Amino acid sequence: MITQKKGEVKTPEIARPRVPHEVLFAIGGWSGGSPTNFIETYDTRADRWVKVEEVDRTGPRAYHGTVVIGYEIYVIGGFDGMDYFNSCRCFNAVTKTWREIAPMNSKRCYVSVAVVNDMIYAMGGYDGHHRQNTAERYDYRTNQWTIIAPMNFQRSDACATTLNGKIYITGGFNGQECMNSVELYDPELNQWFMLPPMRSRRSGVSCIGYHGCLYVIGGFNGISRMCSGEKYNPINNTWSPMPDMYNPRSNFAIEVIDDMIFTIGGFNGVTTIYHVECYDDKTNEWYEATDMNIYRSALSASVIMGLPNVRDYIHKHRDRLMEEKRQKLLLLETQRTVQSRTIQNNQMQAVLNNDNNLNNINNNNFDEQQ
């Protein structure tokens with residue numbers, strides 16, 4: 001057993017994880033009752049989260065969207081607890097610098113975002129007064145936003161993704177109820193089409209294109225946070241269920257990395273969480289991954305591939321992974337021992353209390369007989 005070894009346990013060279021080809025960035029969100037600008041990256045090979053020091057100094061934001069073009073992450077809209085943003089920021093992961101880009105035409109908190117052919121699309125959202133059906137497109141080459149055709153429905157707290165060159169937007173909240181409607185946008189036609197509704201109403205939902213299907217997971221149905229998911233097959237135009245997550249959650253981040261769907265953080269109906277899990281459609285199962293460093297919901301995640309400075313964003317001490325595991329197991333053993341002793345002490349105390357009660361009853365009976 002690794003816990004029985006003395007001294008620090010080095011991870012053998014052959015067992016050390018490879019440097020990953022892709023890195024997941026989790027940016028901003030809501031944590032501890034306020035918005036945050038916290039950034040951390042996920043190293044899939046080491047199954048570790050790494051804090052990134054180069055946060056956006058202009059301030060925190062939550063309920064925003066993020067997308068990637070090349071080595072740059074675009075942060076779209078959001079909310080800082082006071083203001084609803086039409087402003088957008090861009091982080092260059094190679095130079096580690098932030099810059100302002102052109103603002104959107106509308107303020108959009110609870111915004112849905114997607115990328116098709118290096119064009120960024122921002123849809124719906126809430127401007128502090130109205131849930132919106134408007135949408136707009138950003139061209140980074142000209143640094144300009146252009147209004148596109150509006151959606152059929154107003155929706156905020158929805159989620160959008162790209163699949164086969166089309167944009168899908170799912171669920172959301174229209175100001176009165178959580179929605180189960182789904183729309184598809186064709187960029188070539190500049191037109192929205194209605195698709196069959198989802199099996200469940202979902203606001204604060206996340207969706208992602210994965211292996212030719214649209215996966216829609218979690219969210220709030222108007223009564224409770226959900227751990228269920230469903231997938232849409234565009235070939236036969238039908239929805240089917242998928243296995244439940246371990247944790248119910250809304251307003252969480254979603255991404256595909258290492259050929260699996262990762263769901264990250266969120267709100268479970270009681271508290272903000274930092275739990276992470278991943279789904280593999282080959283086994284049709286969910287697996288638990290390492291928790292984030294901080295609890296947060298209303299965050300957004302994006303994946304950058306082929307970063308030339310990838311080592312800046314991955315777990316540095318790959319030779320200490322076994323020792324980290326050992327320390328974690330030792331801590332768990334200590335916690336279990338303390339818990340076991342507490343239970344034993346409580347049981348012994350209960351026995352003593354019971355004996356005392358019996359003695360008191362016997363004494364009372366003896367006194368009565370006198």
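Where is the place of aspartate 47? I started my notebook with that one, and I found aspartate 47 in the loop between E2 and E3. A reminder to myself before going on: this is a predicted model.

**Entry 1**

Is aspartate 47 buried or partly exposed? I noted a relative accessibility of 25%, so aspartate 47 counts as partly exposed.

Then I met a second case. Tyrosine 63 also has a positive phi of about 55°, and it is not a glycine. I placed tyrosine 63 in the loop between E3 and E4. Its relative accessibility is 18%, so I wrote tyrosine 63 down as buried, the cut-off being under 20%.

**Entry 2: the whole protein**

Next I stepped back for an overview. I listed one helix and 24 strands. How much of the protein do buried residues make up? I found 49% of the 370 residues. I also looked at contacts with a separation of 6 or more, and 54% of them are between residues 24 or more positions apart.

**Entry 3: the sheet that holds E2 and E3**

I went back to the strands on either side of aspartate 47's loop. They belong to an open sheet of four strands, in the order E3-E2-E1-E24, with antiparallel pairing. Its edge strands are E3 (48-52) and E24, each of which pairs on one side only. Ignoring direction, I noted that neighbouring strands here are turned by 30° against each other on average.

How many bridges join E2 to E3? I counted five between E3 and E2 (residues 34-43), and the two run antiparallel.

**Entry 4: a second sheet**

I looked up another open sheet, also made of four strands, this time in the order E16-E17-E18-E19 and with antiparallel pairing. Strand E16 (206-210) and strand E19 (238-242) are the edge strands, pairing on one side only. From one strand to the next, the twist averages 25°.

Within this sheet I followed E18 (residues 229-233), which pairs with E19 in the antiparallel sense over five bridges. Which residue in E19 is the bridge partner of glycine 229? My note says methionine 242.

**Entry 5: one buried isoleucine**

Beyond its neighbours within four places in sequence, isoleucine 76 is in contact with several residues, including Arg61, His64, Met104, Val113 and Trp145. Ser87 is also one of the contacts. Isoleucine 76 and serine 87 are eleven residues apart in sequence, and their C-alpha atoms are 7.0 Å apart in space.

**Entry 6: the largest pocket**

Now for empty space. Rolling a probe the size of a water molecule over the atoms shows where empty space is left. I read off a volume of about 920 Å³ for the largest pocket. Of the 41 residues that line this pocket, Thr66, Ile208, Ile254, Glu255 and Ala301 are the closest to its centre. Several strands each supply at least two residues of this lining, among them E4 (65-69), E16 and E20 (253-257).

Which strand gives the most to the lining of the largest pocket? I found E24, with six residues. By type, I sorted the pocket lining into 24 nonpolar, 13 polar and four charged residues.

**Entry 7: the one cavity**

Last, I searched the whole structure for cavities of 30 Å³ or more, and one turned up. The largest cavity has a volume of about 70 Å³. Its lining includes Ile27, Thr36, Asp56, Arg61 and Trp98. I was pleased to see Arg61 again, as it is also one of the contacts of isoleucine 76.

E1 (22-31) and E2 each supply at least two residues of the cavity lining. The largest share, three residues, comes from E2. By type, this lining divides into four nonpolar, four polar and three charged residues.

Technical notes: Residues numbered from 1 in each chain as written. Predicted model: local features only at pLDDT ≥ 70, side-chain atom pairs only at ≥ 80, totals over all residues. Heavy atoms only, no water. Pairing = 2+ DSSP bridges. Axes fitted to C-alpha atoms, helices over the stretch in contact; angles between N-to-C directions. 1 Å grid on protein atoms, 1.4 Å probe; cavity = no way out; pocket = protein on both sides within 12 Å on 5 of 7 lines; lining within 4 Å. Points joined across faces, edges and corners; volume = space filled by probe spheres on them. Nonpolar A, V, L, I, M, F, W, Y, C, P; charged D, E, K, R; others polar. Contact = heavy atoms within 4.5 Å. Buried < 20%, exposed > 50% of the residue type's maximum accessible area, 1.4 Å probe, protein only.
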